[in-house]
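Subject: Structure for you to look at

Hello,

Here is the structure I promised you. Please open it and keep it on screen while you read on.

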Amino acid sequence: MTRHVIAAARLSMSMSVESRCMFQPLRGRGFHYELWLPESWNGRALATGNGGLDGSFGTNNGHNGTSGAAFCQNDDVVTDFSWRALHTSAEIGMKLAPIFYEENVKKSYYIGCSLGGRQGIGNAEKFPEDFDGIVVGAPAVDFNSLYSWRASFFPITGDKESKGFISPDTWKTTIHDEVLRQCDTIDGVEDGIIEDPILCHVDTKRLLCGYNNSTLPNCLNADQVEKVQTIFSDYLWPNGTLLYPRVNPGGELLASDGLYSGNAYTPSADWFKYVILGEPSWNPATYTVDDALLAVTKNPADIDTWPTSLGAFQDTGGKILTYHGQQDQQISSYNSIRFWERLAGQVNFDLEKMDTFYRLFRIPGMNHCSTGPGAWTVGQGGSAPAYNIPFDKEHNVLAAIVDWVEKGIAPDEIIGTKFVDDSVEAGIMYQHRHCRYPYRSTYSGDGDPLDAGSWHCVNFGGY
């Protein structure tokens, strides 16, 4: 679809939000929304999602900006943010387009990452008729547990002045180097990328000063090693059951400036301050698992997005393509596997049934939604880079979902591209074969590791 805009419709419902809880905001519903109508139309509609706690992009999700303050004492804003803005904007678009073009929408699609990924899954669950095909990246499903997991890091790391604080430099050198030393070559290739984090279980004791009579100056004391071990472990409820899965090894490169930085992670802090607790003065350093339990119990506006089945969406013929970076520093890629298996459990782990409507692609060396040392460019922006990468199902997730919906050609593999210095103008550095779960991209043992042809997809899950 061309980006040339010849008309724009902005829906603006009355809403006034005061950013401080001490003032009661008006209880009106409202969101801002833009509809782009190309001069030459192919009959397809495409909706887009947001990120974090954002109010921007396709709709403003009922509030402007990235702060959660607008949620405070305003259930309507939370509801718009959770599901209503996306669904309503889709409904409006489907009604306005035929008026403008004098023909109906033929197929409708959605693309979004992170919060936008959650929005796509949530919409498929609640409104299975809205979209024919959905592309979701790093979906923030099990939302309340995810935000609790993020909030849990600040009490572990402490602030920058606390005893045993681990600096970003230490994370990026000493710890990251040890992670790669243990896990980089599991796939048979030393390239600075952990191909499959499932196989990586970091032995944090090797970071301890004096371990195995080591005299390395760059090491951690016992208290610091314990912090790293806690961070690298699954987050559990007091009874030992899983609250949220462990971090991605390799993600520490960027998480050291985010989740592990000695500062409260702002989106999680805002979610607890303004929605779960309603206390703007709440200190994120006091977060405990009791707060996580409260978040799950309250589940504001049914935002959790943790369905056991998407049967109604499947029954409409709908398709979902999910991708997740294996070096994601904000959302654990293990959670996307967990969600795939949650859905698969409802079809008796029948891979053929899952493959008819839901496919998950794991992207090694991709950070949160984009960037990273791997071949992370897979068309997640919705268009092909202006180079010689074709807009087709082999290289582009949006093209793949269109072919799946309209031609019945399901994607088995996606070829990702890594550009030199992440610059399209600098040319292609290499390409890599990304496989749908439960297949793993596996090095053949010979040939150039930078050649996608040297890798093939192997089913390791037994499904």
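One thing before you start: the model is predicted.

**The sheet**

Begin with the open sheet. It has five strands, in the order β3-β4-β5-β8-β9. Their pairing is parallel. Which strands sit at the edges? They are β3 (44-48) and β9 (358-363), and each of these pairs on one side only. From one strand to the next, the twist averages 15 degrees.

Now zoom in on one pair. Strand β4 covers residues 107-113, and strand β5 covers residues 133-137. The two pair in the parallel sense over five bridges. To see a bridge for yourself, find Gly112: its partner in β5 is Val136.

**Helices on the sheet**

Helix α2 (residues 115-126) packs on this sheet. Helix α2 touches β4, β5, β8 (319-325) and β9. The direction of α2 makes about 140 degrees with that of β4.

Helix α10 (residues 333-345) packs on the sheet too, where it touches β8 and β9. Its direction makes about 160 degrees with that of β9.

**A helix pair**

Two packed helices are described by the angle between their axes and the distance between the axes.

**Cavities**

How many cavities of 30 Å³ or more does a search of the whole structure find? It finds six. I looked at two of them.

The largest cavity has a volume of about 100 Å³. Its lining counts 14 residues. Ser82, Trp83, Arg118, Gly122 and Asn123 lie nearest its centre. Helices α1 (75-101) and α2 each supply at least two lining residues. Helix α2 gives the most, with six.

Among the residues that line it are Glu195, Asp196, Gln326, Arg362 and Pro364. Others in the lining include Arg433, His434, Cys435 and Tyr439. Strands β11 (428-435) and β12 (439-443) each supply at least two residues of this lining. By class, the lining of the second largest cavity has three nonpolar, three polar and five charged residues.

**A pocket**

Last, the second largest pocket. Its volume is about 230 Å³. The pocket is lined by 15 residues. Which of them lie nearest its centre? They are Glu178, Arg181, Arg206, Leu216 and Asn218. The pocket lining has seven nonpolar, four polar and four charged residues.

That is the handover. Start with the sheet, then go to the helices, then to the spaces.

Best wishes

Terms used: Residues are numbered from 1 along each chain as its sequence is written. This is a predicted model: local features need pLDDT of at least 70, side-chain atom pairs count only at pLDDT 80 or more; totals for chains, interfaces and linings use all residues. Side-chain values use heavy atoms; hydrogens and water are left out. On a 1 Å grid over the protein atoms alone, a cavity is a set of points where a 1.4 Å probe fits but cannot get out, and a pocket is an open set with protein on both sides within 12 Å along at least five of seven lines; lining residues have an atom within 4 Å of a point. Grid points are joined across faces, edges and corners, and a volume is the space filled by probe spheres set on the points. Ala, Val, Leu, Ile, Met, Phe, Trp, Tyr, Cys and Pro count as nonpolar, Asp, Glu, Lys and Arg as charged, and the others, Gly among them, as polar. Two strands pair if DSSP finds at least two bridges between them. Helices (H or I, at least four residues) and strands (E, at least two) are DSSP runs, numbered from the N terminus. Axes are lines fitted to C-alpha atoms, for helices over the stretch in contact, and angles run from 0 to 180 degrees between N-to-C directions. Contact means heavy atoms within 4.5 Å.
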